[in-house]
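Please look through the model below before reading on. My points follow as a numbered list.

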Amino acid sequence: MRMTLQDWALLFLLSVLWGGSFFFVAVAVEDLPPLTVVALRTGIAALTLIVILRLRGEVWPIARGAISAFFVMGLLNNLIPFSLLFWAQTMIPSGLASILNATTPIFSIIVAHFLLADERMAANKAIGILFGFIGVVVLLGGDLLNGPSVATLGMLACLGAALAYGFAGVYGRRFKSMDLTATQVAFGQLVATTLMMMPIISVIDRPWALPMPGPAVLASVLALAIVSTALAYVIFFRLLASAGAVNVALVTLLVPVSAILLGTLILGEELAGRHYVGMGLIGIGLLAIDGRMGERLRGKGSTGTPT
């Protein structure tokens, strides 16, 4: 699909919203436990989507088959990756977390290759995975050579989150056969995640015993839930319909840019040189997976003036 100017504008906006989520999390986990932030994010976002469903005249997705699927999707797409990413950001900069999260399409391809008959590995995908793997090695290399550290655990947690997103992408294909809108699917998985998180934080965090967070933390949690989750979901599915999945995947290249800028300019975070090298290698891998750059180069190479 060819993207319009409006599609490009929405794509950049979505990258800022999702890049901003790493910034909001970095502020929120200063005063709140990561698991509590996960529950607040999904719960408030679900409440926001109730309003959107009402405005669109859409009913709650309460079909029996859908409910069980929402819980599995909530586990793979929200509970596990959010928990790992938020915990990781108590140990590593938000910009680094966003770079590692950009490996999600790489893990998605690997998972799809083994679990889906119609998603076999192609040459460009294999090349992309190779570059992505090298990029991850560069990111982890310095810490691994110096021995296990807290930062290493944080980076591995981010990779675990990306792997969970890969499984979620494969599992989420079943929603295509259900008579549900994109907003209903987003709402269903957020509600399921919140219901699963409640007993977890009741035992581990006991949020009612926590001190009242400051205004900056409260504002960050609200922005994370309403802006970077509920609104971002609406924009994402709007783009998915108008521009297609391949074009929307370009947002993966843009999210780390906004996350790094926010973390550097506002939070004063600093990334090492190898982090930018690793990001570049992962970016090359994602471009190779996308395939369009190679097609354009081959197209230019095959054309010429007759002699």
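**Notes on rings, one serine and a helix crossing**

1. The count comes to eight aromatic pairs, where rings of Phe, Tyr and Trp (its six-membered ring) pair if their centres lie within 6.5 Å. Planes under 30 degrees apart count as stacked, over 60 as edge-to-face and the rest as tilted. Trp 18 and Phe 236 have ring centres 5.6 Å apart and planes at 45°, so this pair is tilted. Trp 18 lies in helix α1 (residues 5-28) and Phe 236 in helix α9 (residues 215-243), so the pair ties together parts 218 residues apart in sequence. Helices (H or I, at least four residues) are DSSP runs, numbered from the N terminus.

2. The model is predicted: local features need pLDDT of at least 70, side-chain atom pairs count only at pLDDT 80 or more, and totals for chains, interfaces and linings use all residues. Residues are numbered from 1 along each chain as its sequence is written, and side-chain values use heavy atoms, with hydrogens and water left out.

3. Is Trp 18 buried, exposed or partly exposed? Trp 18 has 22% relative accessibility, so it counts as partly exposed. The cut-offs are under 20% relative accessible area for buried, over 50% for exposed and partly exposed in between (1.4 Å probe, protein chains only). Ring pairs also link Trp 18, Tyr 233, Phe 236 and Phe 237 into a cluster.

4. Phe 82 and Phe 86 form a stacked pair, 5.8 Å centre to centre with 5° between the planes. Both lie in helix α3 (residues 64-88), four residues apart, about one turn of the helix. The charged end of Arg 41 sits over the ring of Phe 82, 4.1 Å from its centre. That label requires NZ of Lys or CZ of Arg within 6 Å of the ring centre and within 35 degrees of the ring normal.

5. Ser 220 is in helix α9. Its relative accessibility is 7%, so Ser 220 counts as buried. A polar atom of its side chain lies 2.9 Å from the backbone oxygen of Ala 216. Leaving out residues up to four places away in sequence, Ser 220 touches Phe 24, Val 27 and Ala 28; contact means heavy atoms within 4.5 Å.

6. The axes of α3 and helix α8 (residues 182-204) come within 8 Å and cross at roughly 75°. The two helices are therefore roughly perpendicular to each other (65 to 115 degrees). Among the residues making the contact are Phe 70, Phe 71 and Met 73 of α3 and Gln 184, Val 185 and Gly 188 of α8.

How values were computed
A polar contact is a pair of N or O atoms within 3.5 Å; within protein, one must be able to donate a hydrogen and the other to accept it, and residues adjacent in sequence count only if both atoms are side-chain atoms. Axes are lines fitted to C-alpha atoms, for helices over the stretch in contact, and angles run from 0 to 180 degrees between N-to-C directions. Angles under 35 degrees count as roughly parallel, over 145 as roughly antiparallel, 65 to 115 as roughly perpendicular and the rest as oblique.
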